[in-house]
Structure formats: structure tokens, C-alpha cells
Amino acid sequence: MRKKILVILLSGIISFQSQAQSLDDLNDMVNAANYLDESRFVGPGDYSRQASSSEVSQLGSMFENLQNQVSELQSTFEHLNSMISAMGSGVALIGALRTLDNQECAPDFQLGAGALMPSSCLSSGNRRAGECQSCYEGAVTRLQTVRRGMARMRCVYMNTKNFKDKALSFGDNIAGLHGAMGMVWQGQRKGIEDSYKRFTQSYDRKYTDFIGSLHEALLAVNTCENQFGTRDWYQRFGFMFEEIMKEKYKRSD
Amino acid sequence: MNCLKPPSIKPFLILTILIFFVGQKTFLQPLNMDTAVHPTELKLYKFDPKNQPGGKGLLNSTQVVQKNDTAYYFCKGLSIYSPAIVMVSAKDKNAPLQVSLHKWNWKEKSIEGSTDAKGIWSEKFKTENDFGIMVVTAKKPAVYNLYVWVGDEVKVSVPSDFVSMTEYEKKQPASSFFKKNLIYLVAGLLVIIAAIIIVIKKRKK
């Protein structure tokens with residue numbers, strides 16, 4: 001009986017302490033999430049305070065509670081919550097989502113009808129369609145992973161090129177207006193050009209790596225085709241696809 | 001039977017390295033030729049809201065007291081396959097803040113707007129690697145909070161590169177016709193050539 005009472009008391013104390021702890025955490029988070037009190041910052045400069053890694057992590061676990069706790073920011077949290085929740089629906093949404101800038105690159109997977117390759121697995125007459133499909137699944141996943149990576153690499157290239165072109169044009173215009181800036185700009189201009197040159201070299205190396213991975217993925221499809229469908233598939237169809245991909249992702253400058 | 005290994009992650013490691021090193025050295029933030037401008041990097045940390053599994057990703061939450069006309073911030077390391085949200089929440093709902101997002105330089109605004117009657121401005125988009133945020137206030141000091149949320153990468157579906165053999169042949173009518181009937185065509189051609197030779201020989205006689 002005594003033991004039972006002791007256990008009940010102890011669990012009560014532990015539960016009270018953990019509740020108090022979580023309330024303290026919540027109060028800390030309320031302070032970290034609320035607006036700053038401007039009267040505390042008397043200096044002339046701006047003041048900003050970024051939530052730390054642990055505060056952001058706590059914010060994640062207290063997100064729902066905070067919406068009710070920080071009255072001044074209630075509508076802010078509700079708004080953020082609804083925006084995040086609308087974004088959570090995934091694949092279809094990311095395709096429709098606008099890029100930050102109109103001139104920014106968005107991944108383009110279109111290759112045209114001429115690039116389509118025949119698959120024996122997709123043919124209705126294939127008696128070993130099941131086995132064929134399971135072999136194909138891995139090969140196709142591999143091919144799609146490479147395709148996603150290449151499209152992203154292309155965007156990195158397009159954006160960097162665009163950034164460089166705009167930077168040079170912007171700098172040239174400014175330097176032309178102010179004589180003294182001309183000398184400084186020449187140094188900066190060379191820096192940008194050198195960096196871009198290094199970038200293109202990196203791109204070419206990564207391009208070669210990706211083409212290598214693409215070749216491996218197509219050979220994997222070829223293995224499946226040799227087993228279940230068309231012999232010499234790579235030589236007849238895969239090779240052509242690889243050439244189209246090489247051309248599409250080759251650097252143009 | 002699965003005859004293949006799982007997809008290699010090598011290209012993605014390489015790409016991450018590419019973005020990281022090249023981005024670090026060259027293009028960290030919108031181009032800045034004004035040495036007085038010192039943009040603040042907004043650090044993104046892991047964010048996993050309990051009530052929203054779709055909200056998993058990275059977050060920056062910054063509290064600001066802005067005493068200058070303009071404040072500059074930037075974020076880096078975003079993926080074009082991740083959704084992103086930028087939101088500004090002003091304390092003084094009657095003093096709107098002008099907010100603009102910049103991809104290339106601080107002169108060109110990619111997206112712009114101002115805080116509404118609730119003191120809020122927000123925008124959603126996708127971008128690769130980095131971008132800048134500029135906040136301009138007419139009334140000083142301006143007190144506001146700035147949030148940048150970046151969702152986990154979405155596995156974008158790539159359109160299939162395959163068609164059935166029948167469909168493939170249909171799409172190439174000329175070549176498949178010749179392939180299928182090659183023997184007959186060659187035989188027909190030989191018959192015609194033979195006939196021509198016979199006719200020529202007969203005429204010579």
C-alpha cells in the first residue's frame with residue numbers, strides 16, 4: 001500500500017516537473033518567436049536575432065501550441081501554417097510552382113517524340129511480362145534518377161551563366177558612369193570571368209560523370225531486354241537516346 | 001527478379017559538391033557593388049512540425065529591429081526541387097514594409113510587394129541555390145519577423161522515355177515498312193533488274 005502511494009506521489013512529481021519543464025520551454029519559445037522590444041536596442045544600427053538550430057527544432061514541436069500562445073503573432077503563425085500545409089501536397093505542386101525569377105531555369109525533361117525508346121516489357125504479347133517489369137523497374141528508376149540530376153545540373157549552369165552575364169552588364173554600366181569605379185570594376189570583372197571559367201570546367205567534368213551514369217543505366221535496360229525482349233537493344237535504340245541526351249545537356253558556350 | 005543495383009547516388013554527391021564549391025567562390029548572393037551593403041546570411045535549420053508531416057524541411061526565423069532604410073539578407077543552398085516560402089510579419093500593421101526578392105542582383109527585383117493590413121507579406125516559389133531579400137521601411141525603427149521555409153526535396157516524376165515496341169514501330173512507319181518487307185523488296189528489285197537486262201539483251205540481238 002505504502003509502495004503504491006509512493007509510486008503515485010513520485011509519478012505525480014515527475015509529471016508536474018515535466019509539465020513545468022515544457023511550460024518553461026514554451027515560454028522560451030514564445031520569447032524567441034515574438035517581436036523584439038525595440039526600446040531595448042538603443043544603438044544606431046539594425047539588430048537581428050536568428051533562431052538557433054535547437055530553437056527551430058523546438059519551434060517545430062511547438063508550432064501548434066505557439067499559434068495559441070503568441071497572441072500578437074497568432075495570425076502570422078496561422079498564415080505560415082496554412083501556406084506550409086498547402087505546399088505539403090508534393091509532386092504536382094512543385095511542377096506548377098513558379099520559379100523565383102521569370103528568367104530562371106526550371107527543370108526540363110522534354111526530349112521530343114523522336115527520343116522515345118521501345119520496351120519489350122510494355123508489349124502486350126510478352127509472356128514473361130512480370131519478370132521483365134521487375135527487371136525494368138530498377139533500370140528505369142536508375143535512368144530517372146540520372147535524368148533528374150542532369151536537369152538540375154543544367155539549371156545550375158543556366159542560372160550561373162545568366163548571373164554572370166547580368167553581373168558583367170550591370171558592372172560595365174556602373175563603371176561607365178563613375179570613372180573612379182572603372183579601375184576597381186576591372187579587377188572584379190576579371191574575378192567573375194575567372195570564376196565562371198572554373199565553373200564551366202566543373203560543369204564539363206560533372207557532365208562527363210552524368211553521361212557515364214546514363215550509359216550504365218541504359219546498359220541496365222539492355223540487360224533486361226537481352227533477357228526478356230530485344231537483343232542488341234542498346235546498339236539499336238539506347239545508343240540513339242544517349243546521343244540525344246549528350247546533345248541536350250552539352251554546354252553551349 | 002530484380003537484376004539491378006539500386007540507383008547510384010554518386011552524381012548527386014558530385015552535384016552537391018559542385019553547387020557548394022562553385023557557389024561559395026563565385027555567386028553567393030545577388031551581385032553587390034556597394035561596399036556599404038553587408039547582407040546577412042539567413043541560416044536554415046531542420047524543421048519538423050509535429051502537426052504537419054508535409055512541413056518537413058528547413059526554417060529560418062529571424063527577429064529584426066531595423067533602424068536603417070534598407071536591410072539585406074540572403075539564403076543559400078536551395079534546390080530547384082524544393083518548395084520555398086518567404087514571409088515577413090511586421091509589428092506595426094499601419095506602416096507597411098516594402099519587401100523584394102532578388103535572384104541576380106540587388107537592382108533587379110524578381111518578386112516584390114508590401115505587408116498588408118495584417119502586417120504580413122509572403123510569397124512561395126522554387127529556386128536553385130541562392131537568393132536575396134531586401135526590406136525597405138519608411139518608418140523607423142521597423143520591428144518585424146522574417147521567416148524562410150524550404151521544404152524537403154520532392155521526387156519530381158520524369159516523363160517515361162519508353163513506349164511499347166508496337167507503338168514505336170507505328171511512330172516510324174517508313175522505316176518499319178522497309179524493315180518488315182525487306183526480303184520482298186529486294187526480291188522485287190532483282191526481278192525488275194533481271195527483266196531490264198533480258199529486254200536490253202533481246203533488243204541487241
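Reader: How many bridges join strand S6 of chain B to S7(B)?
Author: Four bridges join S6(B), residues 98-102, to S7(B), and the two run antiparallel. Strands here are DSSP runs of E with at least two residues, helices are runs of H or I with at least four, and both are numbered from the N terminus. Two strands pair if DSSP finds at least two bridges between them. The model is predicted, so local features need pLDDT of at least 70 and side-chain atom pairs 80 or more, while totals for chains, interfaces and linings use all residues. Residues are numbered from 1 along each chain as written, chains are lettered from A in the order written, and side-chain values use heavy atoms, without hydrogens and water.

Reader: What is the bridge partner of Leu101(B) in S7(B)?
Author: Ile111(B).

Reader: And what order do the strands of the open sheet have?
Author: The five strands of chain B run S1-S4-S9-S6-S7, with mixed pairing. S1 (40-41) and S7 (111-114) are the edge strands, each pairing on one side only.

Reader: Switching to the interface: how many residues of chain A are in contact with chain B?
Author: 116 residues of chain A contact 99 of chain B (heavy atoms within 4.5 Å).

Reader: Which residues of chain A lose the most area to chain B?
Author: Leu100(A), Arg152(A) and Phe163(A), together 9% of what that side buries.

Reader: How many salt bridges are there across the interface?
Author: Six, counting a side-chain nitrogen of Lys or Arg within 4 Å of a carboxyl oxygen of Asp or Glu. One salt bridge joins the side chains of Glu38(A) and Lys91(B), at 3.5 Å from N to O.

Methods:
Buried area = accessible area lost by both parts, 1.4 Å probe.
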